[in-house]
Amino acid sequence: NACITAGHCLAGVCIGSATSCDDSDVCTVDACDASGGCLHTPRTCVAPKDPCQVARCDPTAGCVVEAASDGTSCGASDCSGANVCMAGTCQRVAVPDGYPCGDAMACRGRGTCSAGTCSVPPAGPLPEVWHTTLSPSFSFKGVTDAAGNLYWVECSNLEVLNPCSLVSRTADGTSRFRATALGLRVAEGSFHLVSHGRVAVAGPDGAITTFSAMTGERLWSRAGQSDLHLVELAADSLGDLVAAQMRDGESESWALHTFDAASGDEASIISLPTRVVGLVLDASDTRYVAYVRPLAESQVPIAPLLQLSAISPNGLKRWSVDVSGGPPVAVYGEDVLLKSGEVRSASTGAPRPGKHGEITHQAPAPLMSSTVRYRWQGTFGFAVAGYLGWQWLEGFTPGVEVERFSWSTVANSPQASEMQLLDDGTALFASSMHSLNDLGLQTDDVYLRSIDPNGVQKFACLVGPGSAPEGTILYTGATALTAGHWAVVKKQYCSSCVVDPLPELRVFSARGLTVAPSGWTGPRGTPGGTGAPR
């Protein structure tokens with residue numbers, strides 16, 4: 001024990017003198033770690049409420065307050081004047097020509113003042129930082145960790161024993177590791193997520209491997225089984241994995257299995273009556289699971305009818321209701337959102353205000369916050385070479401049935417990527433746009449867009465063309481927003497080629513954009529893709 005000097009064992013206890021860690025510096029907080037020894041953490045002084053006063057730590061006097069540097073911003077500024085600190089007080093001063101004004105965005109810098117007005121430069125293409133070619137068999141779900149690192153799965157037909165790997169890179173493209181995912185044979189139907197410093201990779205046969213998110217070291221693994229089928233994977237607030245699995249046999253059986261995050265041991269099993277079609281978790285780890293409702297022998301099914309159940313972590317069923325709106329796709333606060341737009345109470349399962357509607361085939365997943373819910377909707381859906389049908393984005397206020405906005409109702413979005421919820425409450429996604437009013441004026445260019453809770457487009461940055469002479473170019477899959485970078489997979493189709501070009505992971509600069517600190521912020525809730533809200 002590094003915190004005990006002259007330590008020795010006595011009756012099973014390590015005794016001795018406490019190690020002194022006092023460095024005689026009032027600007028550090030001294031502590032001792034049993035494995036690492038003395039720690040000296042810089043003292044954080046509480047910032048004063050006055051923006052023209054700053055706190056600092058003096059080695060002799062400790063925390064003191066002094067005037068901020070002249071010119072420090074202390075309020076709003078525009079080309080008519082700026083609020084800045086002068087001699088420790090906030091003053092309104094005139095600004096010269098060339099003074100920065102307006103907000104920068106991902107593909108355009110701030111403007112400059114000229115004769116009292118703000119001159120804003122034109123938006124340019126979204127700057128690409130790096131890209132990498134992926135194997136034909138891959139799974140990119142936009143999974144990131146708290147440090148901003150990216151994770152995805154790639155598989156190769158050339159590797160017989162261990163064809164699949166977990167790949168990780170930093171946001172700026174530096175390779176971190178490529179680790180073998182034991183038992184995973186194909187990327188299709190696989191799962192991966194990040195939680196509590198661990199990355200879990202699972203195959204459709206129930207094979208699970210977990211890795212250290214820091215080093216890629218394999219922590220534990222469970223072998224897959226030929227009679228086992230994994231259909232959903234999530235992680236609770238402790239990092240334990242929750243898996244919906246089906247086992248073949250004389251009569252198939254379905255259950256929710258919880259595996260200990262540290263060891264992989266099975267912690268609990270909750271039996272379910274029939275086929276599971278959806279699973280999400282809320283902030284208190286309640287499982288909202290949908291399964292096909294059992295029918296009595298005399299009943300004839302007219303349309304798929306599901307049972308939605310809320311199950312506590314200890315296996316207690318809190319409530320169970322019949323629903324026709326498809327599986328749960330998101331949960332936040334009091335709302336459980338189903339695929340059709342139907343909303344159910346997280347407390348009772350009772351219907352809540354929400355607009356039902358057909359979901360376009362492969363439409364992006366919804367986003368949820370305490371003030372707004374974003375959801376793609378379409379009158380009908382089809383898919384041709386990955387293009388999506390007539391669809392548009394709608395925004396809703398929680399607890400209100402009528403939408404608060406409908407964006408692009410005079411146009412359709414043939415392709416749209418998955419969305420990210422930003423810290424300013426806007427929805428970030430890439431899409432092309434076709435006019436419904438004038439079919440002769442069409443463009444298939446794809447733009448990264450930010451739509452605010454009122455349906456107003458804050459910016460649009462060109463990502464690239466949506467077609468080439470050889471065929472369609474798509475950016476329709478998962479996205480990741482991490483450490484000032486936005487990542488998406490580019491797929492190109494070639495009508496004259498024997499095989500299509502290999503997909504590429506493209507990563508662009510997205511300065512100033514940050515994922516919201518809470519809410520259902522991406523397709524699977526958290527940036528780590530845990531199937532729970534952030």
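How many salt bridges does a search of the whole structure find? The search finds ten. A salt bridge here is a side-chain nitrogen of Lys or Arg within 4 Å of a carboxyl oxygen of Asp or Glu.

## Basis of the model

This is a predicted model: local features need pLDDT of at least 70, side-chain atom pairs count only at pLDDT 80 or more, and totals for chains, interfaces and linings use all residues. Residues are numbered from 1 along each chain as its sequence is written, and side-chain values use heavy atoms, with hydrogens and water left out.

Glutamate 128 pairs with arginine 506 in a salt bridge, with 2.6 Å between the closest N and O atoms. Glutamate 128 sits in strand S13 (residues 128–133) and arginine 506 in strand S49 (residues 504–509), so this pair ties together parts 378 residues apart in sequence. Strands are DSSP runs of E, at least two residues long, numbered from the N terminus. Glutamate 128 is partly exposed at 33% relative accessible area. Arginine 506 counts as buried at 13%. Buried means under 20% relative accessible area, exposed over 50%, and partly exposed in between (1.4 Å probe, protein chains only).

Arginine 92 forms a salt bridge with aspartate 78; their closest N and O atoms are 3.5 Å apart. Arginine 92 belongs to strand S9 (residues 89–93) and aspartate 78 to strand S7 (residues 73–78), so the pair links parts 14 residues apart in sequence. Arginine 92 is partly exposed, at 45% relative accessible area. Aspartate 78 is also partly exposed, at 38%.

## The S5–S6 hairpin

Strands S5 (residues 53–58) and S6 (residues 62–67) pair in the antiparallel sense over six bridges. Strands count as paired if DSSP finds at least two bridges between them. Three residues separate S5 and S6 in this hairpin. Glutamine 53 has alanine 67 in S6 as its bridge partner.

A salt bridge joins aspartate 58 to arginine 56, with the closest N and O atoms 3.7 Å apart. Arginine 56 is partly exposed, with a relative accessible area of 35%.

## Serine 165

Where does serine 165 lie? Serine 165 is part of strand S16 (residues 164–169). Is serine 165 buried or exposed? Serine 165 is buried, at 13% relative accessible area.

Neighbours within four places in sequence are set aside here. Serine 165 then contacts Trp152, Val153, Glu154, Arg178, Ala179, Thr180 and Ala181. Contact means heavy atoms within 4.5 Å.

Note on methods
Helix = DSSP H or I, 4+ residues; strand = E, 2+ residues; numbered from the N terminus.
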